[in-house]
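Hi everyone, thanks for coming along.

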Amino acid sequence: MPTFTDMTKCDGCGECVDICPSDIMHIDPVYRRAYNIEPNFCWECYSCVKACPQHAIDVRGYADFAPLGHKVRVLREKDKGSISWKIRYRDGRVKEFCFPIRTTPWGSIKAPSEYAAPEPGGLGSPLLAHEPAALKVAALPTLPASVR
Amino acid sequence: MALFSSRKTVVVDCDVLVIGGGFGGCGAAYESRYWGRDLKIVVVEKANIERSGAVAHGLSAINCYMGMQWGENQPEDHVRYARGDLMGLVREDLIYDIARHVDSTVHKFEEWGLPIMKDPQTGHYLREGRWQIMIHGESYKPIVAEAAAKSATAVYNRIMVTHLLMDRKRPNRVAGAIGFNVRDGHCHVFRAKAVIVAAGGASHIFRPRAIGEGTGRTWYAPWSSASAYGLLIEAGAKMVQMENRIVLARFKDGYGPVGAWFLLLKAYATNAYGEKYEEAWFDATKALVGAYADVKPMPTCLRNHAMIEEMKAGRGPIYMQTQACLDTKEKEDIGWEDFLDMTVGQAVVWASQNIDPKERASELITSEPYVMGSHATCSGAWASGPEDCAPADYQWGYNRMTTIEGLFGAGDTIGGSAHKFSSGSFTEGRIAGKSAVRYVMDLNGAAPAADAAQIERLAAMIFRPLDTYRINRNEIVAGTVAPGYLLPLHGLQRLEKLMDEYVGGYSTFYVTSEPLLERGLELLAMLKEDLAHLGAEDLHQLQRAWELQHRVLTAEAVARHTLFRRETRWPGYYYRADHPRLDDAEWHVFTASEFDAKTGDWRLGKLPVHHIV
């Protein structure tokens with residue numbers, strides 16, 4: 001539909017509502033569980049599938065070009081820094097893949113304000129934060145503005 | 001207003017306001033905090049920055065990295081590449097500026113925890129092509145959003161910004177922005193000293209090839225709703241190259257990426273009979289565009305052109321011969337991860353249609369057109385360039401400031417600077433962020449004052465579709481057909497159909513002409529009038545209503561620029577049937593427009609293309 005929610009697994013926590021970039025995962029007022037209110041604006045980005053603590057959300061490929069019988073399931077293990085996929089074909093074949101997603105602990109990024117404050121005069125130079133060191137070359141390249 | 005009397009107006013004052021929390025906006029937040037330690041920096045986003053913007057899904061490659069540390073490329077090389085790919089017309093100063101900074105951005109991404117693949121022999125980043133590096137990018141956006149969230153004073157998620165606010169005394173100076181909270185319906189007014197628009201480009205301007213649920217599977221995200229342009233056009237900013245829409249050659253229906261397949265895995269495209277067709281079209285293409293046909297690598301639009309001609313000749317489907325290259329498990333993993341990191345829908349298509357890329361070829365197609373500024377295309381606002389590199393007439397103030405004072409842009413917003421992609425958009429956000437801080441510092445407290453009358457007028461206008469629906473809904477029993485209103489989806493479908501049929505969508509094989517454009521503009525004018533009758537059942541539909549407003553204004557700019565440029569500059573993106581050849585004598589220029597919201601008039605003109613490399 002593209003995404004759909006399993007009635008018996010969804011507990012209405014709203015994580016999918018909170019994360020959906022398209023604002024299409026909403027809580028049904030009668031059943032108090034989430035569902036996709038606008039499948040034709042679903043990118044199959046899997047943000048809600050990955051975020052669901054109950055693994056209640058799945059995808060059925062777009063009806064206008066995807067034949068039935070397939071399944072693409074995912075387990076994103078944030079703290080392990082990996083994501084695992086299981087792909088079942090319409091004809092029953094299965095493929096499995098696992099890829100890394102992050103090399104550092106979540107929350108470990110150093111905020112820009114934690115670095116020493118730049119010299120006030122730096123605001124007038126073309127250098128951006130952490131440059132030139134972060135460029136890993138001696139100096140920021142420049143180009144005379146002579147029109148060829 | 002009476003129907004929603006519980007609605008509040010929330011006012012937020014800040015120094016730097018960043019509209020849109022995608023890659024451009026995250027870069028802007030990071031850099032403005034680095035330079036403006038004590039400033040109030042606010043990010044406003046219509047979704048949730050952890051998964052918003054074009055990279056919400058993830059990415060499998062970073063498409064803009066020089067590798068200066070290993071002497072792989074210099075910024076000038078990238079300018080030559082982007083210029084060639086865009087058939088000669090780019091802002092070389094802006095592209096150079098991004099290229100010289102982008103490596104420091106990518107090195108930060110790696111330090112933050114983005115897994116970048118390495119070449120086992122050299123230890124360098126694994127190249128997909130000359131400019132691209134391969135990443136394990138499923139969490140690319142959450143990682144970058146973490147940095148942005150730590151930089152901003154506050155992030156306001158789920159606020160749809162509908163309009164920019166202007167200064168009370170100086171109508172060409174920005175003073176903030178207004179919108180509404182999609183969850184609680186409160187009106188939000190942001191008053192700012194500097195504003196950086198880092199909103200998204202446009203999907204769903206032209207009719208998608210899919211017809212049902214699959215219309216969600218556009219190449220660019222369905223939530224890329226043209227706010228990058230809609231906000232600026234309405235405010236009167238000068239826009240350039242709006243005719244330069246992009247068509248993508250991608251795996252059919254799922255729109256899975258082809259870069260890794262062509263460049264890294266060395267797969268190749270053929271017609272239905274297994275023949276490599278691109279070279280066969282070379283002479284005919286050269287007759288249309290002259291020496292631009294000789295550019296290496298072949299410009300994106302010209303590769304599309306060959307595919308389109310081959311389809312028209314009846315030798316489709318076009319196939320990517322994937323089975324010819326997946327000879328090891330490692331390569332199979334790379335091929336699949338390419339989709340699973342950024343376009344899961346393509347994996348769903350393969351699983352559903354029993355296509356194993358190891359065993360059989362997979363169809364390619366040219367997509368519906370999109371309007372954006374960060375890929376192999378460069379629609380967007382005219383912006384002041386870098387002080388040390390920009391020619392004099394490309395420079396009137398602070399780097400990346402638009403023609404509106406205090407209004408900066410990054411990513412899809414800025415025109416003329418193609419091929420920035422994710423890393424370049426973040427980098428452009430950094431450039432704009434630093435500039436905006438400098439602008440705020442230079443103001444010395446002389447803050448702009450938002451026009452109270454404008455705020456009042458807009459606040460009433462923003463919520464009108466809710467009232468229109470409530471009042472007129474009582475006329476009908478049930479359903480979506482009502483004489484008193486048009487739902488946002490109705491308006492969107494009308495827009496997509498007319499842009500497709502008159503302005504060069506897929507159904508005419510991307511062909512348009514002056515009579516077609518004139519007729520299209522006539523119908524578009526009626527659609528614009530009808531937008532006054534939009535009805536929204538709830539806040540979600542109110543968001544869709546304002547997304548539609550941004551799309552319609554953007555679409556009009558596309559149609560007007562397309563009419564103005566009397567040549568076919570980018571065969572494969574679109575064709576002017578009445579001017580089928582590239583014409584460098586007259587049209588080696590940027591097209592520019594300014595919209596006057598008071599009169600509804602558009603002023604079009606030419607701007608010079610300077611070559612500095």
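Okay, let's start with a sheet in chain B. It's an open sheet of four strands, in the order β10-β13-β12-β11, and the pairing is antiparallel. Which strands stand at the edges? Those are β10, residues 249-251, and β11, residues 269-270; each has a single partner strand, so one side of each is left without a neighbour in the sheet. The partner of β11(B) is strand β12 of chain B, residues 318-320, and the two pair in the antiparallel sense over two bridges. If you want to find one of them, look at A269(B), whose bridge partner in β12(B) is M320(B). And before I go on, please keep in mind that this is a predicted model.

Strand β18, residues 589-596, runs antiparallel to β19(B), and eight bridges join them. One to look for is V589(B), which has P608(B) as its bridge partner in β19(B). The two strands form a hairpin with four residues between them, and there G600(B) takes a positive phi near 80 degrees.

Now for the inside. There's a general idea to have in your head here: in soluble globular proteins, nonpolar side chains tend to be buried together. In our model, the largest nonpolar core has 235 residues, and those that touch the most other members are V16(B), L17(B), I19(B), V195(B), I196(B) and M239(B). Which element gives the largest share of this core? That's helix α15 of chain B, residues 539-564, with 11 residues. Of the 26 residues of α15(B), 23 are buried, so the helix is largely enclosed by the rest of the structure. You can check its length too: at 1.5 Å a residue, α15(B) should span 38 Å, and its end C-alpha atoms are 38 Å apart, which agrees.

Let's zoom in on I196(B), one of those core residues. You'll find I196(B) in strand β8 of chain B, residues 187-197. I196(B) has 35 other C-beta atoms within 10 Å; a count of 20 or more makes a residue buried, so this one qualifies. Leaving aside neighbours within four places in sequence, the contacts of I196(B) include V16(B), V18(B), I19(B), F408(B) and A436(B). V43(B) is 153 residues away from I196(B) in sequence, yet their C-alpha atoms are 9.5 Å apart in space. As for V195(B), its contacts beyond four places in sequence include L17(B), I19(B), L164(B) and F408(B).

Last bit: chain A. It has two helices and seven strands, and along the sequence they follow the pattern β-α-β-β-α-β-β-β-β. A compact globule of 148 residues would have a radius of gyration near 15 Å, but chain A has 23 Å. Its C-alpha atoms fill a box of roughly 60 × 35 × 35 Å along the principal axes, and 32% of its residues count as buried.

And how do the two chains meet? The contact takes 66 residues from chain A and 77 residues from chain B. On the chain A side, α1, β6 and β7 each give two or more residues, and β6(A) gives the most, with four. By class, that side has 42 nonpolar, 13 polar and 11 charged residues.

Terms used:
Residues numbered from 1 in each chain as written. Chains lettered and ligands numbered in written order. Predicted model: local features only at pLDDT ≥ 70, side-chain atom pairs only at ≥ 80, totals over all residues. Pairing = 2+ DSSP bridges. Buried ≥ 20, exposed ≤ 12 C-beta atoms within 10 Å, placed from the backbone. Contact = placed C-beta atoms within 7 Å. Nonpolar A, V, L, I, M, F, W, Y, C, P; charged D, E, K, R; others polar. Core = buried A, V, L, I, M, F, W, Y, C linked by C-beta atoms within 7 Å. Expected span 1.5 Å × (residues − 1). Rg over C-alpha atoms; globule rule 2.2 N^0.38 Å.
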